[in-house]
Amino acid sequence: MTKGLGQRAEWTGFQESRPYGPKYDLRTDFVMVYGISDDLPERIEGWRNAGYKIHLMTGVSWGEYQDYLYGRFDGREHWDEAQMDRSGNHLLHGKDVPYMVPTIAFAEYLASHIKRAIDSGAEAIHLEEPEFWAASGYSDAFKREWLNYYGEDWIPPHSSPDAQYRASKLKAAMYYRALDRLCSQMKEYSLVTYGRTVRFYVPTHSLINYTQWRIISPEALLVSMPGCDGFIAQIWTGTARTPNVYKGLRRERTFETAYLEYGIMQELTRGTGREMWFLHDPIEDNPRYSWSDYRKNYRSTVVASLLHPEVKQYEVCPWPRRVFEGSYPTEDGKGKEMIPGDYATVLLTVMNVLRDMHNHDEVAGDDAYTAGIGLCLSNSAMYQRGDVIRENEQEGEAAKYDGTSSAEELSAEQKELLDWSSFYGLALPLVKVGIPLRPVQLDNILTFPGYLDHYRVLLLSYEFMKPEHPGIHQAIGQWVREGGILIYVGDGSDPYHEVREWWNRENSRRSYMRPEEHLFESLGLGRNPEQGEFTVGSGAVLFYRENPAELSRSEAGAALIRSAVKRSLEIRGEMVDYKESTSLHMRRGPYVITHVLDEREADDSIVLEGLFVDLFEASMPVKHSVEIKSGEDSLLFDLNYSDKQQGETSILVSSSRIREELSAENRISFVSEAPLDITVSTRLRVPSEPSSVTAGDQAASYEYDGESGTVLLRYPGVPEGIAVSVEW
């Protein structure tokens, strides 16, 4: 646990740009008041009066910054700092809201507003989404930055792989500079002015999503930035439903993509001491889906996140007002409807369960899965995602995809680029058979000794990314010699092998055509070994001369990856540890978390036997048997797992925040806090059927289940709290 976190108790939070409202008061530990508009102090005061710890969140690459753009801030217009594509189009988040080139002047503008948040008592600042589009790099401001950074005139990024790679590295460096400057400057301001420390966090999409959507961000660079205290992993349906290809079929795979996205974000901070919150969104930025669609995908993202137990903090909702007061298309598409009451209850149940997760560790089960398998991923994957003009190709508007429009609106070539099959061709064959693959943050290998200690097998390819330092190969080599198995997949066809980087420096005594040549030489295999299997110390290297993107297009490609992992464990003498499964699942204390995989030869359901409370249903029903069908998700409370004795009175689970819980011989009372007008469900363990249940001044409805010794209470939500009493 991060030092001091227990005292701060910031396990859950949400962000909201609107003033305080009782119908979207989620009763979490903190609120991120969003945006630096003139009414910021009043909005902060409204949420503080509701009992919240106050954070500020604002966009670091876009926002309502028209006073800066039009010269009202410093007397100079700054539209030359808006990101621009090769056809001269500004890349916009909205009208007069461009994505910005993070110049020093822009950082100073943001600093002037962040000071106001600190002046108003904000305890933490979240600088959201440092994003530079791969399609950009043509504005006057970027050309000036290129000259200063590289000491040479700007080169159009689309003109060659080398130009795109160098432009992307500069984009990441610029946002690192801006964030480092803001965090350091504002921390000093807070200490000098008020004698208090303010924390800085970066809410960011995953490295997987940024690479797939063709966005460049500092990402792993920020782990080494002194002023950065942690991150929010911005993963939700909008990112995770981006289609990918498996066995030749292109489709949405929300669970699998979210699982990998949360995985790489867990790895970003593992062992660093930095904080990480996982985000969930009950809807998404695209408002054109029905509640049933949002519900299914929300379940998938929640379950995917809970399968990564090293993270126990959550942003439970961005923009709760749009969830609890917004309206979305009906199933027939002919009208709109607000959130169904039962679904609102379920959402609040999940949000309060998330706040309880820090109290529970993963519970070892009898059916141990194939652990210790990793797939390496580096920041440099983002640097290879631009539009490079090919022979006889005409210049035109660069494609930009951010999840708010349907991917099906893209051209066939744009879809293929968006698929990013070289990564998914290695990842999905394992996730799809129930192997809990972990994306490994390759950039951390040099920074944190022992970072690879928990891995038995690593998959690696330089066909979609590049190693940014030769020392990475020394660390991998040591890991292999000590017993690790490296599976390298690549055919050397990636044009980005030719970018000007450390492995091919001119006039160098040791120059390499491709970075894997240096890797193989470091492992004692020579620069260009034949495809095959090689013993290296106590470990081994399995080399497949294949393009990983091709592996996504057939069953044979998927089978190759699975057989490589089987063979790797066999070499280690651990073949018995290779287990495929119809599900990915985990127990965290009393919580049973399950996703049943689809796209298998037989789409089998699984049945869990025991005594469970179904947390994805508003009535929290008690079930002896739970069937989970192929492609579905489940979150259960196991009534047979408890740190309390059977018959002892206790609150098991609630869609409200509970405080002031008091138990007596024949009575339990507590205060329940929830958004206004939400129907609260609370299930308690009681010694016998209640004789009286009240919520406030009214009798509350309840259902007693004698077999489980539990009672379900239902009563209205009140943000400031309603007093509940149960007697028997």
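Modeller: Ground rule before we count: rings of Phe, Tyr and Trp (its six-membered ring) pair if their centres lie within 6.5 Å. Keep in mind that this is a predicted model.

Colleague: Fine. How many aromatic pairs does a search of the whole structure find?
Modeller: The search gives 44 aromatic pairs.

Colleague: What kind of pair do Tyr138 and Trp154 make?
Modeller: Edge-to-face, because their planes are at 80 degrees, and over 60 counts as that. The ring centres are 5.7 Å apart.

Colleague: And where do Tyr138 and Trp154 sit in the chain?
Modeller: Tyr138 is in the loop between strand S7 (132-133) and helix H5 (140-150). Trp154 is in the loop between H5 and helix H6 (161-194), so the pair links distant parts of the chain, 16 residues apart.

Colleague: Is Tyr138 buried or exposed?
Modeller: Tyr138 counts as buried, with 9% relative accessibility. Trp154 comes out partly exposed at 22%.

Colleague: Which charged end sits over the ring of Trp154?
Modeller: That of Lys143, 4.4 Å from the ring centre. Elsewhere, the charged end of Arg270 sits over the ring of Tyr451, at 4.6 Å from its centre.

Colleague: Switching topic: what about Phe255 and Tyr259?
Modeller: Those two are stacked, since their planes are at 25 degrees; the centres are 6.0 Å apart. Both residues lie in helix H9 (residues 254-269), four residues apart, about one turn of the helix. Phe255 is buried at 2% relative accessibility, and Tyr259 is buried at 2% too.

Colleague: Last one: which residues do ring pairs link into a cluster?
Modeller: Phe132, Phe142, Trp146, Tyr149, Tyr150 and Tyr175.

Note on methods. Residues numbered from 1 in each chain as written. Predicted model: local features only at pLDDT ≥ 70, side-chain atom pairs only at ≥ 80, totals over all residues. Heavy atoms only, no water. Phe/Tyr/Trp six-rings, centres within 6.5 Å; stacked < 30°, edge-to-face > 60°. Helix = DSSP H or I, 4+ residues; strand = E, 2+ residues; numbered from the N terminus. Buried < 20%, exposed > 50% of the residue type's maximum accessible area, 1.4 Å probe, protein only. Lys NZ or Arg CZ within 6 Å of the ring centre and 35° of its normal.
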